[in-house]
Amino acid sequence: QVQLVESGGGLVQAGGSLRLSCAASGRTFSTYVMGWFRQAPGKEREFVAAIRWSGGSTSYADSVKGRFTISRDNAKTTVYLEMNSLKAEDTAVYYCATKPIVVTTWGYWGQGTQVTVSS
């Protein structure tokens, strides 16, 4: 059974940095992709970034390009989201998710971690 556990959220001032972690377990992820999503109060969940476990190719939402970096540690089956130059509008609950590369639906989700950026 796939399990995803996020950590690293918290309160930070605008312009600051945070690093989120997502520890994955329960299967071999070589044919999977890992993503970060976020949901702000009153808004729909939105895509933030994604990375393939094999090869490491990445993609980002336009709103975070140049500020956020997604990476993975295959040995630890952990994915990171390094967030720099944080803005108040980055405040949200951040979720990690995973799916097989060939599937369109993100089927496995973590519990979420709160990120609050004070202006």
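A disulfide is a pair of cysteine sulfur atoms within 2.5 Å of each other. This predicted model holds one disulfide. The bond joins Cys-22 to Cys-96, with an S to S distance of 2.1 Å. That value lies within the 2.5 Å cut-off, so the pair counts as a disulfide.

Cys-22 sits in strand S3 and Cys-96 in strand S9. They are 74 residues apart, so the pair links distant parts of the chain. The angle about the S-S bond is 60°, and the link is right-handed.

Are these cysteines buried or exposed? Cys-22 has 0% relative accessibility, so it counts as buried. Cys-96 also has 0% relative accessibility and therefore counts as buried too. The cut-off for buried is under 20%.

Next, look at the nonpolar residues. In soluble globular proteins, nonpolar side chains tend to be buried together. Here, the largest nonpolar core has 29 residues. Those with the most contacts inside this core include Met-34, Trp-36, Phe-68 and Tyr-94. Which strands supply at least two residues each? They are S3, S4, S5, S7, S8, S9 and S11. The largest share, four residues, comes from S3.

Take Tyr-94 as a guide to its surroundings. Leaving out residues up to four places away in sequence, Tyr-94 touches Leu-20, Trp-36, Val-48, Phe-68, Leu-81 and Met-83, among others. Its contacts also include Glu-6, Arg-38 and Thr-113.

There is also a second, separate core, made of five residues. Among them are Phe-37, Ala-50, Ala-97 and Trp-106.

Definitions and conventions
Residues are numbered from 1 along each chain as its sequence is written. This is a predicted model: local features need pLDDT of at least 70, side-chain atom pairs count only at pLDDT 80 or more; totals for chains, interfaces and linings use all residues. Side-chain values use heavy atoms; hydrogens and water are left out. A nonpolar core is a set of buried Ala, Val, Leu, Ile, Met, Phe, Trp, Tyr and Cys residues joined through side-chain atoms within 4.5 Å. Buried means under 20% relative accessible area, exposed over 50%, partly exposed in between (1.4 Å probe, protein chains only). Contact means heavy atoms within 4.5 Å.
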